[in-house]
Amino acid sequence: MNAWYGLGRSATRPNDSLSPYFMPILSLQNVTKDYSTDAAPVRALDGVSLDVAAGEFVALVGRSGCGKSTLLNLAGAMDFPTSGSVLLDGVATSSLKDAELTKLRREKVGFIFQSFQLLNTLTVFGNVELPLMLAGKPNAREAAGERLTWVELEGLGDRYPHQLSGGQMQRVGIARALIHAPKLLLADEPTGNLDTTTGNLILELLRRLARERNTATVMATHSAEAAALADVVVRLRDGKIQDVVRR
Ligand SMILES: Nc1ncnc2c1ncn2[C@@H]1O[C@H](COP(=O)(O)OP(=O)(O)OP(=O)(O)O)[C@@H](O)[C@H]1O
Ligand SMILES: [Mg+2]
């Protein structure tokens, strides 16, 4: 039988798991992910079970190739498990049709990338408000301004990405990821392109936002500082959870 590694309050108090209040934002249940290749298929995740509660700040660590990015892609419904289930806010991602998936990805999840992925032809305001514009939502500029305040970039909305430092670009990336007020923030090596000091400021910002906005955050990282700031450190090895440490 596979070990069950619960992380959220639902996990530590199993009797509460029937109460909607304790429903994890993200739940991986015995998840296996195989990638097909020209040679034998690669098993990137192998029987992973994990619950993440609202507001929890989780660091995903382990050697290159252990499955961190794969787990984040499944958590964000960008890809689907070969077997097992991924539940986002209680809904199995594999059960959804395209239109429902688009809505789920857009409204429940925010992504932060190592390389920021800003659009160079748009200003900071333009980058942050773009997801709202694409969703046809009103008051995009106002919402973007509010998010820029959250990441302490007020006043820089009219600049272009090339006029920003790396740390400022990542703050824009975070503001954009928060534009829909998602319940889950997924970050793949968010400090990988930043110097240690700037990276640590970004980590502290992510942790503060997780607390203040009750946004569950799952971050793949090679940084010891990142793991030290997390509420929960999940160590993967060869696609399996090796251990889970709560602070
Ligand atoms: N599209 C793919 N096709 C085939 N194999 C893949 C694919 N994506 C990932 N893999 C394999 O799955 C395993 C897990 O990869 P993954 O990218 O999740 O690792 P990671 O922990 O994020 O590594 P890193 O720290 O280097 O980013 C690796 O063996 C990788 O080669
Ligand atoms: Mg990776």
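In the predicted model, Leu 60 has Ala 220 of β8 as its bridge partner. The two strands concerned, β3 (residues 57–61) and β8 (residues 216–220), pair in the parallel sense over four bridges; pairing requires at least two bridges found by DSSP, and strands (E, at least two residues) and helices (H or I, at least four) are DSSP runs numbered from the N terminus. Residues are numbered from 1 along each chain as its sequence is written, while chains are lettered from A and ligands numbered from 1 in the order in which they are written. For this predicted model, local features need pLDDT of at least 70 and side-chain atom pairs count only at pLDDT 80 or more, whereas totals for chains, interfaces and linings use all residues.

The open sheet consists of six strands in the order β6-β7-β8-β3-β9-β10, with mixed pairing. Its edge strands, β6 (109–112) and β10 (240–246), each pair on one side only. From one strand to the next, the twist averages 20°, angles being taken from 0 to 180 degrees between N-to-C directions of lines fitted to C-alpha atoms, for helices over the stretch in contact. Strands β9 and β10 run antiparallel and are joined by six bridges, and Val 234 stands opposite Val 244 in β10. The hairpin of β9 and β10 has two residues between the strands, and Asp 238 takes a positive phi near 50° there.

Helix α2 touches β3, β7 (184–188), β8 and β9 (232–237), and its direction makes about 150° with that of β8; contact denotes C-beta atoms, placed from the backbone, within 7 Å. Helix α6 (residues 166–177) touches β6 and β7, its direction making about 165° with that of β6. Nine of the 12 residues of α6 are buried, that is, with 20 or more other C-beta atoms within 10 Å of their own; among them are Met 169, Val 172, Ile 174 and Arg 176. The cover over these buried residues includes β6, α4 (124–134), α5 (140–150), β7 and α7 (196–213).

Ligand 1 is surrounded by residues including Tyr 35, Val 42, Gly 67, Lys 68, Ser 69, Thr 70 and Ala 220, a residue being near if its C-beta atom, placed from the backbone, lies within 6 Å. At least two residues of this shell are supplied by each of β2 (42–52) and α2 (68–75), and the largest share, three residues, comes from α2. The shell divides into five nonpolar, six polar and one charged residue, where Ala, Val, Leu, Ile, Met, Phe, Trp, Tyr, Cys and Pro count as nonpolar, Asp, Glu, Lys and Arg as charged, and the others, Gly among them, as polar.

Terms used:
Two residues are in contact if their C-beta atoms, placed from the backbone, lie within 7 Å.
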